[in-house]
Amino acid sequence: SGYSSKLASSGDYSKLEISGDNSVGANIGMNGKIKGIIGSWITLAEYDNNYKPICVKSIQIDGKKIKEDTWYKLERGKFKEVIN
């Protein structure tokens with residue numbers, strides 16, 4: 001949660017929340033979720049039914065395309081809002 005923090009999570013169904021300025025977070029666990037504040041970078045991984053990784057993507061939270069304080073998951077190669 002500190003400024004310029006770097007975080008990672010890899011547990012299945014895990015949730016990662018970023019609250020520090022200029023931070024980077026990666027949730028690469030199966031069905032992982034992530035959220036953060038404007039300016040943060042988030043990374044998610046997506047897997048097929050055989051637990052094989054099929055996509056990994058990163059994006060910066062800009063407050064428009066990717067909203068602040070909103071949970072996201074990766075689905076079909078795209079960031080998708082998750083209603084918690």
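This is a predicted model: local features need pLDDT of at least 70, side-chain atom pairs count only at pLDDT 80 or more; totals for chains, interfaces and linings use all residues.
Residues are numbered from 1 along each chain as its sequence is written, and side-chain values use heavy atoms, with hydrogens and water left out.

**Stop 1: the largest pocket**

Select Met30, Asn31, Gly32, Lys33, Ala45, Glu46, Tyr47, Lys73, Leu74, Glu75 and Val82 to show the lining of the largest pocket. The space inside is about 210 Å³. On a 1 Å grid over the protein atoms alone, a pocket is an open set of points where a 1.4 Å probe fits, with protein on both sides within 12 Å along at least five of seven lines; lining residues have an atom within 4 Å of a point. The volume is the space filled by probe spheres set on the points, which are joined across faces, edges and corners. Strands here are DSSP runs of E with at least two residues, numbered from the N terminus.

Now colour the lining by class: five residues are nonpolar, two polar and four charged. In this scheme Ala, Val, Leu, Ile, Met, Phe, Trp, Tyr, Cys and Pro are nonpolar, Asp, Glu, Lys and Arg are charged, and the others, Gly among them, are polar.

**Stop 2: a network beside the pocket lining**

Keep Lys73 and Glu75 selected, both from the pocket lining. Their side chains meet in a salt bridge (3.2 Å, N to O); the term means a side-chain nitrogen of Lys or Arg within 4 Å of a carboxyl oxygen of Asp or Glu. Shared partners join Lys73, Glu75 and Lys80 into one network of salt bridges. Relative accessibility is 29% for Lys73, 31% for Glu75 and 39% for Lys80. Each value falls in the partly exposed class, between buried (under 20% relative accessible area) and exposed (over 50%), using a 1.4 Å probe and protein chains only.

**Stop 3: Lys67 and Glu81**

The whole structure has four salt bridges. For another of them, select Lys67 and Glu81, whose side chains meet at 3.0 Å, N to O. Lys67 lies in the loop between strand 6 (53-60) and strand 7, and Glu81 in strand 8 (residues 78-81), so the pair ties together parts that are 14 residues apart in sequence. Lys67 is partly exposed at 38%, and Glu81 is partly exposed at 39%.

**Stop 4: the hairpin**

Go back to strand 5 and show strand 6 with it. The two run antiparallel, joined by seven bridges; strands pair if DSSP finds at least two bridges between them. Click Leu44 and then Lys57, its bridge partner in strand 6. Strand 5 and strand 6 form a hairpin with five residues between them.

**Stop 5: two positive phi values**

Most residues other than glycine have a negative phi. Tyr51, in the hairpin turn, has a positive phi of about 65°, and its relative accessible area of 60% makes it exposed. Finish at Asn31, a residue of the pocket lining. Its phi is near 60°, also positive. Asn31 sits in the loop between strand 3 (24-27) and strand 4 (33-35), and is partly exposed at 41% relative accessibility.

How values were computed. Helices (H or I, at least four residues) and strands (E, at least two) are DSSP runs, numbered from the N terminus.
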